[in-house]
Structure formats: C-alpha cells, structure tokens
Amino acid sequence: MKINQLNIVVLTGAGISAESGLRTFRDNGGLWEEHPVEEVATPQAWQRNPSMVWGFYQSRRRQLSEVEPNPAHFALSKLAEYAKDFFLITQNVDDLHERSGIMDVVHMHGQLRMLRCELSGKSEERMEPSDLESDFQFCTCCETASRLRPDIVWFGEQPMNMVEIYNKIETCDVFIVVGSSGHVYPAAGLVNFAKQFNVQTILINLEEPLNSFMFDETHFGSAGKILPKLVNEWIEQSSLC
Ligand code: APR
C-alpha cells in the first residue's frame, strides 16, 4: 500500500482507547454493564434524572487527566503525516487523538471536553478544575446563565458532521476502522457505504465485530500492537517505490 499516494479515512471506536485505560462499552466490564444506556445516555434520562447523568459524565471528564494516548493513537498520527490525505472520524468522546498530535478530529458522538448550553445550543470547552465538580455548570453565552449539558450525542440524537463524513468516505481510497464492535449506526454502516465506492476497507479489532464480514482485510488483536507494525510496513512500502 503506497500510502503517500492515498486518501485515507479512519474511523475509531472505544477499542483504540482501551489500552490507555479507558473502558469500552460492550466488552466484559464495559461501561454499559455498570450504567445501562437508558439511565445515563439518552435525552429522556437527562430530563428524568439530570444529576445521575451529570455525575456519569463528570467522572468520565475527570478521568481524561489520568490517561495518556497509547501506541495505537501515535501510529495514526504518524500515518497522518505520510498519507496523501488523512481524515480521522472517531466515535470516541475522549481527547486522546488530539493529544497524540492529530489536529483535525471529527467527533461524531461529541466530546467530553465540551459542554453545551441548553438554551442556545452553543458548545464551550470547560475543563478547568471548577468545571469538573459535581455541581451543575452554567453557560457564559446567555445573559442569564443557563445550565450546561454534556456535549455528547445520546442515543436517539443525530450524530455530528455526517455530511462531511459521507463526502470524505465517498472520495477516499482506503477506509480503516479501529476498535469498534459494529453495534451502533450510522458508524457501523460506514464500511458498507465505503464499499459502494470501491474503497479498500481494513479492520483492526481485538475480536471479530458484528460487521467484520464487510471488510476486505481484517487484523484481529490489540490495536496498540497491530497498528504501529502495519503503519511502519505501509511507510516502508511507500519509500521503496
Ligand atoms: N484493540 C483493538 N480493539 C479493541 C481493543 C484493543 N486493545 N480492546 C477492545 N477492542 C474492541 C472490542 O473487541 C470491541 O469490538 O473494541 C470494540 C469496542 O466496542 P464497543 O465497546 O461497542 O465500543 P464502540 O464500538 O466504540 O461503540 C460505539 O456505541 O455506546 C455507543 O456512543 C457509544 O461511541 C460508542 C458507540
């Protein structure tokens, strides 16, 4: 694969952050085992019990300062340097891709670092120590400060940047998915969309996900081990030509 001649789109899921110590959702001991989705990740849950939802996300926001990017994150930022064009979409709401050196990350499910004004819908980065306390936080955009909600796409809400995501996949050469179980749409259907445009599809995942049969090439194992090796091989192949 001569990556310096290729437009590459990557989609990551919780699996790429697992080796940084962030829990995935559906593996054993995953987040949804302890906190059923209906209780913490839907607009109805926020209406019904905002303190429960707020506490769930504040603890995940506080955890961001305790984790670091892992070799899989750094392998992608190295790939971004060598590819002709590189576009990263993540389902993850952590900031590990940015902290590994990738500047433009499309967070289709939102970001823990941001909070969203319930009145104006505006998002603001709020990661100061005082923003991470258990009390609700209030916006700086309204005359009378309104309560802020997590800037996360909850079940039943529209993922972000989908038009840009589809446009990028339609025109790329290679679509790589790392660390996702293929449970949640539209993310899980992007490989199928890519195949309609003769895009080469590659999967790197610990176990066989639901949609693994859709991929041209699959690598099973930990992303922190597989991805650095693959990226170095691709760089070598490019420099040999
Ligand atoms: N390396 C590679 N893959 C891994 C690793 C690892 N070290 N550890 C776990 N995985 C794989 C698991 O095998 C699993 O297939 O990562 C996948 C994680 O799946 P999920 O927990 O379902 O996470 P994800 O696919 O990102 O979930 C998608 O669902 O709950 C919503 O909004 C949430 O963005 C999330 C979306």
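Reader: Hey, which elements each supply at least two residues of the lining of the largest pocket?
Author: They are helix H1 (15-18), H5 and strand E8 (200-205). Helices (H or I, at least four residues) and strands (E, at least two) are DSSP runs, numbered from the N terminus. The model is predicted, so to speak: local features need pLDDT of at least 70, side-chain atom pairs need 80 or more, and totals for chains, interfaces and linings use all residues. Residues count from 1 along each chain as its sequence is written, and side-chain values use heavy atoms, without hydrogens or water.

Reader: Ok, and what volume does the largest pocket have?
Author: The largest pocket has a volume of about 840 Å³. On a 1 Å grid over the protein atoms alone, a pocket is an open set of points with protein on both sides within 12 Å along at least five of seven lines, while in a cavity a 1.4 Å probe fits but cannot get out; lining residues have an atom within 4 Å of a point. Volume is the space filled by probe spheres on the points, which are joined across faces, edges and corners.

Reader: Which residues lie nearest the centre of the largest pocket?
Author: Ala14, Phe25, Arg26, Ser180 and Ser181, out of 41 lining residues. By class, the lining of the largest pocket divides into 19 nonpolar, 15 polar and 7 charged residues. Here Asp, Glu, Lys and Arg are charged, Ala, Val, Leu, Ile, Met, Phe, Trp, Tyr, Cys and Pro are nonpolar, and the others, Gly among them, are polar.

Reader: What about the second largest pocket, how much space lies in there?
Author: About 300 Å³. The second largest pocket is lined by 19 residues, with Leu22, Arg23, Leu31, Arg60 and Gln63 nearest its centre. Helix H2 (31-34) and H5 each give two or more residues to that lining, and H5 has the largest share with 4 residues. The lining of the second largest pocket has 8 nonpolar, 7 polar and 4 charged residues.

Reader: How many cavities of 30 Å³ or more are there?
Author: The count is 1. The largest cavity holds about 70 Å³ of space. Its lining has 13 residues, with Val177, Ser180, Ala187, Ala188 and Asn211 nearest the centre. That lining has 8 nonpolar, 5 polar and no charged residues.

Reader: New topic! In what order do the 3 strands of the open sheet come?
Author: E5-E4-E6, with antiparallel pairing. Strands E5 (123-125) and E6 (148-152) stand at the edges with a single partner strand each, so one side of each has no neighbour in the sheet. Two strands pair if DSSP finds at least two bridges between them.

Reader: How many bridges join E4 to E5?
Author: There are 3 bridges between E5 and strand E4 (residues 110-117). Arginine 116 stands opposite serine 123 in E5.
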